[in-house]
Amino acid sequence: MAVSSLSLSFISKPKFGVQSWASQSEPAAISAHGIPKCSINTSSTDEQKFQSVSCKRRELVFGLGALSVNSFPISPVFAEEKPDNYEVFVDKVDGYSYYYPSDWREFDFRGHDSAFKDSHLQLQNVRLSFIPTNKTDIHDIGPMDEVVANLINNVYSAPTQVADLLNMQERNIDGRNYCTFEYVLTSPNFARAAFATIAIGNGRYYTLIVGANERRWRKYRNQLKVVADSFKVFDMI
């Protein structure tokens, strides 16, 4: 695995048609029986069709016996690599996986495909979303420093927030490029820190975000970095 890193002091979405997911401060309620609901909030007819198909596929997975996606058999590789106190979420329907802390629980985060949060601290969570794309690699979007700057300034942050990029790192896993970056969004009376990891595959632009209240960041940063670095995209079955 080849890894290269780039540190920047401040550049905190040009808009690539990506929704402003992270600026939504409150998660949606958990659906009946704990089954995540699909939310569609797009203006593009093509994206609506794409999300509709995705929702139907997830409903099929969850529908029979309310099975969770992470009940799929986990490959021996994941089982061997998984750190203590983490679980593995594997979505074979949508082609991705990541770790999350063992004491977190699944919940429904509006506009996202999957999400887990701390049982006591809602703002300490991880969520995964994707949109359709005709790109095949994150570098097809543009230079990563410009892409990340636009994401945290125009997609992830609200108009009242100041965005600071702390660092970013690119890596290649099994021939697929990923970019993980750490940032802080500061409001007049509140600040939130997070890691985001982006990747492209299966005709989709995936985004994983894991974060916490900025005051708790120093204590939990390393734990949440494990989640951000664990995200992987694989060919859908």
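**View 1. Aromatic pairs across the whole structure.** Searching the whole structure turns up 15 aromatic pairs (Phe, Tyr or Trp rings, the six-membered one for Trp, with centres within 6.5 Å; planes under 30 degrees apart are stacked, over 60 edge-to-face, the rest tilted). Tyr178 and Phe231 make an edge-to-face pair, with 6.1 Å centre to centre and 90 degrees between the planes. This pair ties together distant parts of the chain, 53 residues apart: Tyr178 sits in strand S8 (residues 176-187), and Phe231 in the loop between helix H4 (214-230) and strand S11 (232-233). Helices (H or I, at least four residues) and strands (E, at least two) are DSSP runs numbered from the N terminus. This is a predicted model, with pLDDT of at least 70 needed for local features and 80 or more for side-chain atom pairs, while totals for chains, interfaces and linings use all residues. Numbering starts from 1 along each chain as its sequence is written, and side-chain values use heavy atoms, leaving out hydrogens and water.

**View 2. The cluster around that pair.** Tyr178 and Phe231 are both buried (under 20% relative accessible area; exposed is over 50%, partly exposed in between; 1.4 Å probe, protein chains only). They belong to one aromatic cluster, along with Phe89, Tyr96, Tyr98, Tyr100, Phe116, Phe130 and Tyr206.

**View 3. Lysines over rings.** Lys117 lies over the face of Phe107, 4.9 Å from the ring centre. Lys225 does likewise with Phe195, at 5.8 Å. Here, NZ of Lys or CZ of Arg must be within 6 Å of the ring centre and within 35 degrees of the ring normal.

**View 4. Arg204 and its partner.** Arg204 is part of strand S10 (residues 204-213) and counts as buried because its relative accessibility is 4%. Its side chain makes a polar contact with the Asp94 side chain (2.8 Å); such a contact is an N or O pair within 3.5 Å, and within protein one atom must be able to donate a hydrogen and the other to accept it, with sequence-adjacent residues counting only if both atoms are side-chain atoms.
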